[in-house]
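Please read these notes with the model open beside them. They take confidence first and single residues after that.

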Amino acid sequence: MVGYDPEPDGRNNTKFQVAVAGSVSGLVTRALISPFDVIKIRFQLQHERLSCSDPNAKYHGILQASRQILQEEGPTAFWKGHIPAQILSIGYGAVQVYNTLRHAVGTMYRSEGPQVFYKGLAPTLIAIFPYAGLQFSCYSSLKHVYKWAIPAEGKKNENLQNLLCGSGAGVISKTLTYPLDLFKKRLQVGGFEHARAAFGQVRQYKGLMDCAKQVLQKEGALGFFKGLSPSLLKAALSTGFMFFWYEFFCNVFHCMNRTASQR
């Protein structure tokens with residue numbers, strides 16, 4: 001995992017093992033939290049209020065959305081887009097070409113040109129640095145709080161500490177940067193409004209500022225946080241599992257190295 005140095009913990013992992021631990025932890029975590037990501041994006045792209053009092057709203061809650069997606073699209077719908085997401089999670093290390101992904105890329109390129117692949121780039125770039133910085137800063141701070149608050153006998157379970165502190169760091173950083181994620185999703189689907197007409201209202205945005213302005217005017221300040229609840233569940237589980245599995249695999253490699261050195 002980026003920014004982690006195993007030396008202070010007394011582990012003798014190589015840089016390659018650290019990279020593998022980070023990649024595998026990302027792969028496992030992405031597979032586990034994919035359903036929350038699907039629900040979050042559905043909420044983000046819905047212009048109507050996320051409320052059962054709005055007759056035009058297709059989705060209005062996590063459980064209701066889960067049941068509706070399951071009934072209408074089947075269980076595999078919760079892993080839509082999982083292949084490109086996995087490629088991102090393992091650090092762009094996959095080189096196998098998938099037919100569905102290749103077809104999507106070809107269609108997008110032919111219809112709108114190469115610039116289509118960079119829609120939503122501005123909010124992504126704006127969010128990535130504060131999100132990553134907040135995530136690691138909060139993780140480190142929460143670990144200090146955990147060590148101060150938990151009795152000595154409770155500190156033996158480092159996996160629980162990593163899971164709790166990682167989850168807390170994910171929730172805090174995701175909440176603070178969430179509106180930028182919503183803007184990114186709205187801008188990324190630009191040009192495909194006809195494909196989601198069945199889900200409700202469709203709008204077009206000229207850019208990041210126009211998107212922010214329209215959301216504020218037509219959906220209110222709460223519109224910036226549509227899908228926050230599944231996003232926080234995803235962030236808590238994702239970051240928690242990420243740190244948990246990362247530390248786990250680093251420990252596995254450390255034990256393997258120590259066993260090999262004793263032979």
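In which helix of the chain is confidence lowest, and in which is it highest?

1. The lowest confidence in the chain is in helix 4 (residues 99-112), with a mean of 57, and the highest is in helix 2 (residues 62-73), at 92. Confidence here is pLDDT, the predictor's score for each residue, from 0 to 100. Helices (H or I, at least four residues) are DSSP runs numbered from the N terminus.

2. This is a predicted model, in which local features need pLDDT of at least 70, side-chain atom pairs count only at pLDDT 80 or more, and totals for chains, interfaces and linings use all residues. Residues are numbered from 1 along each chain as its sequence is written, and side-chain values use heavy atoms, with hydrogens and water left out.

3. The average pLDDT of the chain is 76, and 72% of the residues score at least 70. Over residues 1-8 pLDDT stays under 50, and the model has 14 contacts for them beyond four places in sequence. A contact means heavy atoms within 4.5 Å. Residues 89-97 also stay under 50, with ten contacts beyond four places in sequence.

4. D37 belongs to helix 1 (residues 15-45). D37 counts as buried because its relative accessible area is 15%; buried means under 20%, exposed over 50%, and partly exposed in between (1.4 Å probe, protein chains only). Apart from neighbours within four places in sequence, D37 contacts R30 and K234.

5. M256 is part of helix 8 (residues 228-261). Its relative accessibility is 48%, so M256 is classed as partly exposed.

How values were computed: Helix = DSSP H or I, 4+ residues; strand = E, 2+ residues; numbered from the N terminus.
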